[in-house]
Amino acid sequence: MDQSGPAIPTLAQCIDLMEQYGMLPNIRHHSLVVARLAEQLQQGLVAVAPDRPQADRDLVISGALLHDIAKTPCLNGACDHAKAGADLCRRHGYPEIAAIVEQHVRLRDFNPARYEQGCFNALELVYYADKRVLHNIVVHLDLRLEYILDHYSKNNPERQALIRENFDKCLTLERYLFNWLPFGPAELGRF
């Protein structure tokens, strides 16, 4: 492997992986919208501060395209799609993509001190973009939270608390992101 940078799949390789793992059309469409939003975030940050280190555009796009790579095989609830997807990406030689896939549901590497400096990585941009897309429609975080609570909490108070805690992180990330972007949250997705 080339030591000069991360191994990032091309668009064609992402599409091949989507085919290989049977990504359903609706999940593929969701992933395409997430990729467009994540790229919009990345490009907005570059426009505001081109001299500051920024997330790699190709890593952002490929990570977004593949964030739900294992969603179809895990639809029956037999596996954790984020973990299974990360494992698939590692097996294909994409450890940086695996890190994005692994944390796209629940952000563990949360760093407000870095965000305050206007530094956001590909993982955070994909995580946030995914939270803004309900199926294939860009929505506000409150609507996405409501959907996730309805579909994934199973009326379990502990699960609900974890989901809300994760969304609190997402709201904090959103505040920091849009302090640095040349557009507001409501403008995200207007292409």
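This is a predicted model: local features need pLDDT of at least 70, side-chain atom pairs count only at pLDDT 80 or more; totals for chains, interfaces and linings use all residues.
**Helix α3**

I looked up helix α3, which covers residues 57-66. I wrote out the buried ones: L59, V60, I61, S62, G63, A64, L65 and L66.

Next I asked what covers these buried residues of α3. The cover includes α1 (11-20), α2 (25-48), α6 (95-102) and α8 (122-131).

I then checked the start of α3. There, D56 brings a side-chain oxygen to within 3.0 Å of the backbone nitrogen of D58.

**Aromatic pairs**

How many aromatic pairs does a search of the whole structure find? I noted five. One of them joins Y115 and Y176 and is tilted, with 6.1 Å centre to centre and 55° between the planes. Y115 sits in helix α7 (residues 112-116) and Y176 in helix α10 (residues 157-180), so this pair ties together parts that are 61 residues apart in sequence.

Another pair I looked up is F178 with F183, which is edge-to-face. For this pair I have 6.0 Å centre to centre and 70° between the planes. F178 and F183 are both buried.

Last, I asked which residues the ring pairs link into a cluster. My entry reads F110, Y115, F120 and Y176.

Notes: Residues are numbered from 1 along each chain as its sequence is written. Side-chain values use heavy atoms; hydrogens and water are left out. Buried means under 20% relative accessible area, exposed over 50%, partly exposed in between (1.4 Å probe, protein chains only). Helices (H or I, at least four residues) and strands (E, at least two) are DSSP runs, numbered from the N terminus. Contact means heavy atoms within 4.5 Å. A polar contact is a pair of N or O atoms within 3.5 Å; within protein, one must be able to donate a hydrogen and the other to accept it, and residues adjacent in sequence count only if both atoms are side-chain atoms. Rings of Phe, Tyr and Trp (its six-membered ring) pair if their centres lie within 6.5 Å; planes under 30 degrees apart count as stacked, over 60 as edge-to-face and the rest as tilted.
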